[in-house]
Amino acid sequence: APKPSVRGWKCATGEASHDVTAAKAAAAGSPARLEGEASGRQIWHFVGEAADDAAGAEAFDPASNPNASDQLYRRERLAAWARAHPDDPPPAGDPLERGFRFYQKLQCDDGHWAGDYGGPHFLSPGLVVVWYVTGRRDDILDENQRAAMRAYYERHQQSDGGWGTHVESPSTMFGSVLTYVALRLLGAGPEEVVMRRARAFIHFHGGACYTSSWAKFALCLLGVMDWEGHESIPPEAWLLPHWVPFHPCRMWCHARMVYLPMGYLWGKRWVYADAETDPVVELLRAELYPEKYEDVPWRASRAWVADVDNYSPVGIVMVCARRFLTLYEDSFVLGPLRRRLRAKGLAFSADYCRAEDLQTNYVCIGPVNKVYNTLVAYDNRDADGGLAVANHALRVADYLWVAEDGMKMQGYNGSQCWDLSFATQAMAEARAGDAPYLRDCVVKAWNYLERTQILSTEVSQASPAFGYEAPAMREKYFRHVSKGGWPFSTSAHGWPISDCTAEGLKSVLALRNLACV
């Protein structure tokens, strides 16, 4: 059934977003501060329904369309435009001009177009788990954020009681187990209708042992699954010679940066400190499995996966690799060597996570390594008094988006530069860039492209990220040149991407000869 739109939130972008974060940090007495360019940053903060500019937002009906239509953001931008342009002329007759006139009303003050880059259901539960195991800190997730997340989960439960891997997916154990755990940690009771339906789906498919490896990883951190139930992620793999074909540095950057903190946490067998005494953890151990927790055959369950999740069965090469790593891990003879290598691998992984944090101004390359890098920083908090964790906390909001369906975690910190590149190319191709009604829009977009070119402004070069452009640093941390590229999202994110750089350059070339630029 349709659910009323979530209300009470406003979107702050660019410098205004830094002001909101700074005020929140100051109120909490946090020593952390934001680094890097503010351009493109988009965060949501709670202001109450009376001040949210979202009056009239329609109900969310996932049965009709599981994708939100960004009503909160659009209504807010249209209201801001109306206040700033009380004499705005009526829509023109030309369809192209009508489209551009509407689109410019949605543009943020710093030049980009904000929007919902959510969809996956497996992202925010990892954040909820890390929030919980690090002490349920309000600077990571405050009360209003937690309530809006819970609303999102409840609105997206499917008719069979489960949740998909993403909003358009049939229910999977990956999405369902993680969302169930997140709801319980956020305060949902086990006998609420939502939870009973979800638990029935999970048990029908064999229990939590049949979820995917990333879900099992989060369960191990929380202490509701034994690490014996997870395959090996040896951090000492980073110590292999770089020429080895399966050295982690040869992985796609997103996979590599996710398995970096995962390897660290697996290598330490990190578990929530209060797992044995926490009543919610104790109940989850009973709720997630059809058998008693102490009777689960953890080692045997490593490779278990439900049919609904088994999109690509593990091949023989991976099966052999897993068996080899198990033998390596179990070997008594290799024990002394393994322990020495493990210590070195953990030290390198912690250092590499720290480098990733600084190179990205604590945004990190994506949401999964963002939350696990936060946990690595928490594990090493004695070294810096917790400053890295506090800096991570300031950037959590960069990944959170609010629409009428609630608060979700995005697959990136946005798609700002990518979207703007295509929008400005369209304006140039339509020969509309110098139209009087569109000039301010084009100039703001041009300024965004200038501010977003990575490590090319005074602000970005004053951040710690600039120090990692040195050749020795790039060699050590497996990075190509960043300066001069364009990102998918923001300059502060710091990762240049080849196609985003190409589209950014095309936009600059398309706009540079316009009179308004």
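Let me start with one crossing: α17 passes α20 left-handed, a crossing being left-handed if the near helix is turned anticlockwise from the far one by less than a right angle, and right-handed if clockwise. This is a predicted model, where local features need pLDDT of at least 70 and side-chain atom pairs count only at pLDDT 80 or more, while totals for chains, interfaces and linings use all residues. Residues are numbered from 1 along each chain as its sequence is written, and side-chain values use heavy atoms, with hydrogens and water left out.

Back to that pair. Helix α17 covers residues 439-452 and helix α20 covers residues 498-511; their axes come within 11 Å and cross at roughly 135°. That makes α17 oblique to α20. Helices here are DSSP runs of H or I, at least four residues, numbered from the N terminus. Axes are lines fitted to C-alpha atoms over the stretch in contact, and angles run from 0 to 180 degrees between N-to-C directions. Under 35 degrees counts as roughly parallel, over 145 as roughly antiparallel, 65 to 115 as roughly perpendicular, and the rest as oblique.

In contact, meaning heavy atoms within 4.5 Å, are Val442, Trp446 and Leu449 of α17 with Gly504, Ser507, Val508 and Leu511 of α20. These divide into 5 nonpolar, 2 polar and no charged residues. Ala, Val, Leu, Ile, Met, Phe, Trp, Tyr, Cys and Pro count as nonpolar, Asp, Glu, Lys and Arg as charged, and the others, Gly among them, as polar.

Next, α14 (residues 367-379) and α15 (residues 387-396) pack at about 160°, axes 8 Å apart. They are therefore roughly antiparallel to each other. Lys370, Asn373, Thr374, Ala377 and Tyr378 in α14 meet Ala388, Val389, His392, Arg395 and Val396 in α15. By class that contact has 5 nonpolar, 3 polar and 2 charged residues.

Val129, Tyr132 and Val133 in α4 meet Ala218, Leu221 and Leu222 in α8, a contact of 6 nonpolar, no polar and no charged residues.

Helix α8 (213-222) also gives two or more residues to the lining of the largest pocket, as do α9 (253-267) and α12 (316-330). Which of the elements gives the most? It is α12, with 7 residues. The lining divides into 29 nonpolar, 10 polar and 6 charged residues.
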